[in-house]
Amino acid sequence: MYKNLKIGLALGGGGARGACHIGVLKSLERRGIIPDIISGTSAGSMIGAMYASHANADTVEEKYTAHVNGEDFKDLGFRYIPNNQKDDSVFSQVFKQIKNQYILMVSSTRKSLIKNERLAKAANNLFAHRQFNDLKIPLIVTATDLISGAPILYKSGSVVDAVVKSSSIPGFVEPTYIDNRMLLDGGIVFPTPVPPLVGECDFIIAVNISKGFSTNNSPGNIFEITDRSRDISTLHLNSYLLKQSDFVISPKHEDLHWSAFDKTKEFIENGYNASESEIEKLLIQLDSMIEETIKTSKETFWSKLKKRLSC
């Protein structure tokens with residue numbers, strides 16, 4: 001439908017909230033909007049790689065849903081991660097304290113909670129093609145070198161290896177060590193990976209699933225102060241990145257924690273609804289760009305012809 005326009009799709013990171021990307025892809029696909037190139041960070045790299053491999057949103061939904069309900073995924077241990085969903089029951093508060101104590105105890109002696117091999121095992125069956133060169137849609141996967149602070153972009157080699165590096169949540173998944181590099185989550189540098197697409201396509205659609213920022217609550221302890229400081233930094237960085245795109249879709253996710261994988265179905269629905277609510281604006285913008293491209297091409301042709309006739 002948009003053969004004359006190269007469309008890029010930037011899929012941001014957000015753990016479980018990444019399921020929103022599936023809903024967005026279903027909506028775009030329904031309207032004939034198929035990305036020519038995809039850039040993915042963390043959860044966005046996994047969903048992006050799945051779509052680049054299968055080129056079918058329904059297949060991605062089916063495989064991803066089975067994945068988060070499977071035994072390999074359960075072995076990753078997300079049950080140990082504190083969740084910020086509101087539940088004021090006594091049992092819930094006690095359980096949260098136990099989990100917090102467990103995380104605090106382990107974090108003083110280890111760099112992560114799980115080995116990255118376990119993440120690779122869980123993700124291994126998600127892609128029909130495991131090499132970048134075999135994908136149906138070109139893909140860019142982002143990671144971060146924690147030593148130099150530089151973003152790392154993967155466009156070739158093993159898709160699973162790249163996705164594991166991009167999805168290695170700091171403090172949870174073990175970093176990947178290559179030479180003098182310590183590779184972790186791409187979301188550290190690119191919460192929404194728009195920059196890798198700049199210059200690679202004509203029109204960039206960004207899907208923002210980063211947590212919002214609430215001014216209603218005041219941090220009451222060390223953990224909350226640290227989290228809020230990080231959230232403010234990410235908010236401003238992500239805002240800067242999104243401005244480099246041509247169109248932004250921001251699914252509702254109630255700022256649920258990245259480990260809320262029990263909400264996968266809701267996230268998919270929210271992504272679809274967010275895209276559908278913006279789709280007419282997107283179509284108008286895309287059509288306008290195509291008309292401008294055609295007009296420019298015609299003007300260039302006739303200007304060249306006029307020059308030849310005048311010689």
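The model is predicted. The chain contains nine helices and eight strands. Of its 311 residues, 46% are buried. The accessible surface amounts to about 16,400 Å², and carbon and sulfur atoms account for 53% of that area. Taking contacts between residues at least 6 apart in sequence, 77% join residues at least 24 apart.

**A residue in strand 1**

L9 belongs to strand 1, which covers residues 7-11. L9 counts as buried because its relative accessibility is 1%, and buried means under 20%. Although L9 and I205 are 196 residues apart in sequence, their C-alpha atoms are 4.9 Å apart in space. Beyond neighbours within four places in sequence, the residues in contact with L9 include L25, L28, I37, L197, I205 and V207.

Helix 7 runs over residues 159-166. Seven of its eight residues are buried, and the helix is mostly covered. The buried residues are V159, V160, A162, V163, V164, K165 and S166. At the start of this helix, a side-chain oxygen of S158 comes to within 3.5 Å of the backbone nitrogen of V160.

K165 carries a charge, and charged side chains raise a question of pairing. Side chains of opposite charge can pair when their charged atoms come close. K165 is buried but has no salt bridge. Its nearest side chain of opposite charge is that of D161, 4.9 Å away, whereas a salt bridge requires the atoms to be within 4 Å. Leaving out residues up to four places away in sequence, K165 touches A143, Y154, T176, I178, L183, L184 and D185.

S167 lies in the loop that leads from helix 7 to strand 5 (176-178). With 10% relative accessibility, S167 counts as buried. The side chain of S167 reaches back to the backbone oxygen of V163 at 2.8 Å. Among the residues that S167 touches, leaving out those up to four places away in sequence, are S42, A43, L119 and D185.

**Salt bridges**

The whole structure has seven salt bridges. Three of them are set out here.

| Pair | Closest N to O distance |
|---|---|
| K26 and E61 | 2.8 Å |
| K263 and E266 | 3.9 Å |

K281 and E278 both lie in helix 9 (residues 264-310); they are separated by about one helical turn because they are three residues apart. K281 is exposed, at 53%, while E278 is partly exposed, at 25%. Elsewhere, salt bridges with shared partners join R30, R31, E276 and E280 into one network.

F213, I232 and L235 make a nonpolar surface patch of about 220 Å². F213 sits in the loop between strand 7 (203-207) and helix 8 (222-242). Its relative accessibility is 32%, so F213 counts as partly exposed.

Terms used
Residues numbered from 1 in each chain as written. Predicted model: local features only at pLDDT ≥ 70, side-chain atom pairs only at ≥ 80, totals over all residues. Heavy atoms only, no water. Patch = residues over 30% accessible without salt bridge, like charges linked within 9 Å, V, L, I, M, F, W, Y side chains within 5 Å. Areas by Shrake-Rupley, 256 points an atom, 1.4 Å probe, with all protein chains shown as cover. Helix = DSSP H or I, 4+ residues; strand = E, 2+ residues; numbered from the N terminus. Buried < 20%, exposed > 50% of the residue type's maximum accessible area, 1.4 Å probe, protein only. Lys, Arg positive; Asp, Glu negative; His and termini not counted. Contact = heavy atoms within 4.5 Å. Polar contact = N/O pair within 3.5 Å; in protein donor to acceptor, adjacent residues only side chain to side chain.
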